[in-house]
Amino acid sequence: MFRDIPKSFYGRPATVVARELIGCRLLVDHPSVGAVGGVVVETEAYASGDPACHAWHLEKKRNKDPMAIGKGHELFGPPGLTYIYLNYGMYWLLNVVTDPEGTPGGVLIRAVEPSLGENIFWENRPKIKKREDLANGPGKLTVAMGIDDRHHQMDVTTGPIRFEKPTRHKSDLEISTSSRVGISQGVDLPWRFFAKGSIYVSRGIPAR
DNA sequence: ACGAGGATGCTCT
DNA sequence: GAGCATCCTCGTG
């Protein structure tokens, strides 16, 4: 079973939230079946002072002009809202804003194991043959679950995208870390978190 | 198993 | 014009 997560959960450092979201359930409202869901098995943290974070260059700019605005400004905003952006001109990527307002931070959801409304996952990704390939990547899970820019800046405690914590604690769930995927800056930081041994984790870096 | 390359659109990293 | 928090297909071993 699952229970709601309070807003205060997200007002903490991105690395902490990223780790604790592993094992939680992601729910997305769906027009025909009510909602689809998946258990989060992989996340990445992006933080203040982190050269790979979308807010990094804005942070530097804001040292001169505190009102400067640009890509990633949402990451400075109140925690617990979604931050969704298009990458490589094709895929929407889902993040949750973390850290107190004024401090940039966010968590990228990279992979889920389908757990509710799985037929929708299959419908949205008709070429896929294996269940573990339905949502084992940040672009794949948004396609599979029907997430796009309509879900941008929504409250994850009340909105169409929500997270729930398992009531049974994750004593049986081991979490591993690694460097982050697909970035060229900050590659040394071990800020990718994933469920050890899960076949639903994305490819690229060995899942141990 | 693994690597190369193309698709595609927004920001200025 | 370059670079990007990606994915898929097709080639080779």
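Predicted model: local features only at pLDDT ≥ 70, side-chain atom pairs only at ≥ 80, totals over all residues.
**Ground rules.** Local features need pLDDT of at least 70 and side-chain atom pairs count only at pLDDT 80 or more, while totals for chains, interfaces and linings use all residues. Residues are numbered from 1 along each chain as its sequence is written, chains are lettered from A and ligands numbered from 1 in the order in which they are written, and side-chain values use heavy atoms, leaving out hydrogens and water.

**DNA strand B.** I looked up which residues surround DNA strand B, and found H57, K61, K71, Y88, G89 and M90 (near means that a heavy atom of the residue lies within 4 Å). For K71, a backbone N or O atom lies 3.3 Å from a phosphate oxygen of DNA strand B.

**Salt bridges.** I counted 13 salt bridges (a side-chain nitrogen of Lys or Arg within 4 Å of a carboxyl oxygen of Asp or Glu). One of them joins R110 and E44, with the closest N and O atoms 3.7 Å apart. R110 lies in strand β6 (residues 105–116) and E44 in strand β3 (residues 34–47), so the pair ties together parts 66 residues apart in sequence (strands are DSSP runs of E, at least two residues, numbered from the N terminus). I checked the cover: R110 is buried at 7% relative accessible area and E44 is buried at 0% (buried means under 20%, with a 1.4 Å probe and protein chains only). I also found E42, E44, R110 and R192 linked in a network of salt bridges.

Definitions and conventions: Polar contact = N/O pair within 3.5 Å; in protein donor to acceptor, adjacent residues only side chain to side chain. Helix = DSSP H or I, 4+ residues; strand = E, 2+ residues; numbered from the N terminus. Buried < 20%, exposed > 50% of the residue type's maximum accessible area, 1.4 Å probe, protein only.
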